[in-house]
Amino acid sequence: MSKPSADNASSCTFSVTVRDTTPPSVTCPADVAVKSLEAEGAAVTFTPATASDGVTTSPRLTYSHASGSVFPQGTTPVTATARDEAGLTAERTFQVTVRRPTTVPVPDEPIGFGCSSGGLGNVGGGAWLLLMGSVLFLQQCTLRAWVVRGACAWEAASTRRASAAYE
């Protein structure tokens, strides 16, 4: 306010408008990888993304796939979107990967079955076959053995010994 010498007063007012022109920032969690034997995939829970903004205290976060939902086998991108009060948005993406295990889990109790043979005709010696999980053991084999739908089948082979094999 200024006062001229004649005691006249004058004033001036003005408005200040703050415009939010900067979108929020988003920080995503690390990529997530899980294993599942289920053909449809697995329910996956991930750490929430975080968002910050210079004007909006808590920008709203949304996701293309919700935490805890079922993700299919393979890799699925998850997009986290932050929206501030001015309507400005920012997006970041992380990956959720569901894979089948590379090995079959070993049960607490042993399972499997075995077959044996005392020899056929002029083929001497015996053979036994033990299936535990997915490992096939052959020992003292003068016979060739295989399993077809849970049944044992034998065929005479040379007198060479077979070594342990992984199926």
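In the hairpin formed by E7 and E8, where five residues lie between the strands, Gly87 takes a positive phi near 90 degrees. This is a predicted model, in which local features need pLDDT of at least 70 and side-chain atom pairs count only at pLDDT 80 or more, while totals for chains, interfaces and linings use all residues. Residues are numbered from 1 along each chain as its sequence is written, and side-chain values use heavy atoms, with hydrogens and water left out.

Strands here are DSSP runs (E, at least two residues) numbered from the N terminus, and two of them pair if DSSP finds at least two bridges between them. Strand E7 (residues 74–83) runs antiparallel to strand E5 (residues 60–63), to which four bridges join it, and the partner of Tyr63 in E7 is Ala80. E7 also pairs in the antiparallel sense with strand E8 (residues 89–99), over ten bridges, and there Pro77 has Gln95 of E8 as its bridge partner.

Turning to exposure, residues are called buried under 20% relative accessible area, exposed over 50% and partly exposed in between (1.4 Å probe, protein chains only).

| Residue | Relative accessible area | Class |
|---|---|---|
| Val16 | 65% | exposed |
| Cys12 | 70% | exposed |
| Cys28 | 22% | partly exposed |

Val16 lies in the segment before strand E1 (25–27).

How many disulfides does the model contain, if a disulfide is a pair of cysteine sulfur atoms within 2.5 Å? By this rule the count is zero.

Notes
Disulfide = S-S within 2.5 Å.
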